[in-house]
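Subject: Structure handover

Hello,

Here is the structure I promised to pass on. Please open it next to this email and follow along.

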Amino acid sequence: MSLKSGSHSSKKGSFGYLLKRIDSVSSRVDEFSSHLDGSSTITSPERKQKYQSCYKLQEEIELLSQQLSGLTKADYDGSKENFGEQKRRGQQKLDKLKSKLDRISEQLEPDEVEDDYFRQMQAGDVGASNSDIVTDKAEDGDTHVQDSVEGDDDDDEEEDEEDDDDESEDETGTNIIMVRKVEALSDFKGEQDGDLSFKTGEILTVIKTSEDGWWEAENAAGKKGVVPETYLKILEEGEESSPGKTQQEEASVDKKETADKPPDLTRKRSGKELWRKISKGTAQETSATDVLKAMGAMPSGFRSTTLGKMVKQESFQTSSWVMPKLSRSNVAYKDISWDPVTKQLRPRVAKTNRIFQVLSARMVPLPGAGIEVISRHVRIVIWDNSSKKALSNIHSVRATISDKDPLTWTFNPKCPSSVFDSECLARINSNDDSLVILFELNMLYRRTSTGERSEVACGWCAMKLFEENGAPVPNKTYEIPLSGGTPYDTGVDLDPAVSLKASTNRFQQVVRANRQPRLTVKLVSYQRKEMYDMLPDTLLTCHVYAQFISLYRQLLTEAVMDEWRDSQDAGFIMDTLISTFPKILYTTDVMDALKRCWDEKNKRELKRSQRRDGAHMRRFFREVYMDSVFPLLNSAELPPYIWGSDEREKERLSWILAYCEKRTASELLFSPDRIYKPFNVDRFTLDLSKLTPT
């Protein structure tokens, strides 16, 4: 659907002219998309030309978006009332076009490693045959594969493969996935439903792999289940039945290297298939991080982020954990209860409430050339160390570095900007000694050659909450060594160059001990226990958010369970604060605006007796929320929030600071200089007595 410019001016730089350009680029994108047939090979000039055309369209859309956001009512010749709606529709259309081109770009994007491989193959440096690239049915006869290793041409070897496998593949079609056998290095007894038990030396067939270290496999009896990757050794083709291998040779295989190396469980495929699978992010294929490690752009201890992927799921976002949870019957809430005497939320005591501050991360390896770091941050979650399972929402804190010491990440407790505030609250109704707080260091980066953005884990560590005797760990500062790999791995060095395993020399071990990557965390005491008892049973969040989440839960309980509400009423609750507060927990700058307004009004308007009055504090919180957050949420001019983008965060911050110069919602909503999204004025009230005369 095109945007109608009506009688708008077609003069260059006007609103109507911009709408016509948007319609024009929309038609070109549709035409470009319809001509994509996917028939070109991975290195064909046609595919490269399409990628360049896609990139040019993306640049044009970005330019149009910037021009659209810079337009004002003075550039609009039509009715001023329609300006905001027309501008919003134009931006929505540009966002859809951008998303569509992003998907196309991922499919067309070339890669340096891949292009180099095909250039060598075309030059004859790499042998190509039907066993290397299974795209058509293999011909009869022996297939010879020549492996070319850069810098070591004298060690090239030729391997003869049997035709039987090729012929069996040809009967079923092309691009057949060929799984491999693995051998059990030690006994494993399943602890949960779905686990597959096995004995040492047993041969299993791997069906599916996963980055969490648990693979789906099948034993000789046909029983299927999940097995731990670290207990297995991948058998090379023909190794299972090779009589020439002795048990000593098999035992010399390094178990650690096997656990760290991602298995090649598929028959060699074409580059087009391989890179398409990488872009889809499926568990069985090589990740972009593995490709960068092969290029030398990432340290060997880095892995594809674990918590970074989990946080994208709604179940691990803070908004899902502040909402009340239904009981199994789905007719009552299991984590909130109403006190009919005090007419408020009944406090719930949790067994564990800990306040901690992330102070610094030292000796974190740097990425290689060709990588531009956009953001450094730590993702935190309450973790069950026995079952390797996340038990809470995932909280993220940004870090900074200095040019003098780029290996040190610095965190700032009690920072005015909550995205950098590293003082956190961990609350859970359990005192199991297997509970830990898991920290995963992450980097959001951009490849300078392609512009691709991704996230990589730069190490992880876990801080115990309880001693072996069950007592809580004392409040003090802890230096926790950082490990490489993922939280599901063990024994992986983040930086092998300073590994303590590399040398037995006592002096070198002392020197290397000072160069070990480590995270510094400080446990502190807490004072406001009554506030924490209004929080959900399980939560991990910024400490300054606790008071707002507590007040929100109290207001929500009043709306849901107050005695005036009919218990049989299943209708919607029309409350602006209750419906929108969980959403803003993700937008840290809006939460900062709420805190700033809260602090100013609290200091200026509240008396000591009022601060001890729960009902008065709930009314005060609603007033502050409506004065600060509500106008921001309904503004049509505030740029969308992008986590990890410094440019967008600065743009939003300057806009919010300028926007909040007028302190009341009335003055903001009635200002002629502001544009708002449509909202129902029947759902809230304004105190017009506070309007400043103009």
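Ring pairs join Phe548, Tyr552, Phe581, Trp598, Phe620, Phe621 and Tyr625 into a cluster. Rings of Phe, Tyr and Trp (its six-membered ring) pair if their centres lie within 6.5 Å; planes under 30 degrees apart are stacked, over 60 edge-to-face, and the rest tilted. By this rule there are 15 aromatic pairs.

A note on the source. This is a predicted model, where local features need pLDDT of at least 70 and side-chain atom pairs count only at pLDDT 80 or more, while totals for chains, interfaces and linings use all residues. Residues are numbered from 1 along each chain as its sequence is written, and side-chain values use heavy atoms, with hydrogens and water left out.

Helices (H or I, at least four residues) and strands (E, at least two) are DSSP runs, numbered from the N terminus. Phenylalanine 198 is buried, at 3% relative accessible area. Tyrosine 231 is partly exposed, at 28%. Buried means under 20% relative accessible area, exposed over 50%, and partly exposed in between (1.4 Å probe, protein chains only).

Next, the cores. A nonpolar core is a set of buried Ala, Val, Leu, Ile, Met, Phe, Trp, Tyr and Cys residues joined through side-chain atoms within 4.5 Å. The largest has 49 residues. Ile549, Phe581, Met591, Leu594, Trp598, Phe621 and Tyr625 touch the most other members. Several elements supply at least two residues each, including helix 14 (546–561), helix 16 (588–605) and helix 18 (614–633). Helix 18 gives the largest share, nine residues. Phenylalanine 621 has contacts (heavy atoms within 4.5 Å) beyond four places in sequence with Phe548, Leu551, Tyr552, Leu555, Leu577, Phe581, Leu594 and Trp598. A second, separate core has 39 residues, among them Met298, Phe302, Val378 and Cys424.

Five of them form an open sheet, order 6-5-4-3-7, with antiparallel pairing. Two strands pair if DSSP finds at least two bridges between them. Strands 6 and 7 stand at the edges with a single partner strand each, so one side of each has no neighbour in the sheet. Strand 5 (residues 214–218) and strand 6 are joined by five bridges. In one of them, tryptophan 214 partners proline 228.

Strand 14 (residues 395–399) is largely enclosed by the rest of the structure, because five of its five residues are buried. His395, Val397 and Ala399 cover one side, Ser396 and Arg398 the other. Five bridges join strand 14 to strand 12 (residues 371–384), and the two run antiparallel. Isoleucine 380 has histidine 395 as its bridge partner.

Last, where is aspartate 335? It is in the loop between helix 11 (318–322) and strand 9 (338–339). Aspartate 335 is buried, at 7% relative accessible area. Beyond four places in sequence, its contacts are Met323, Pro324, Lys325, Arg348, Asp537 and Arg553. A polar atom of its side chain lies 3.0 Å from the backbone nitrogen of lysine 325.

Best wishes

Methods. Polar contact = N/O pair within 3.5 Å; in protein donor to acceptor, adjacent residues only side chain to side chain.
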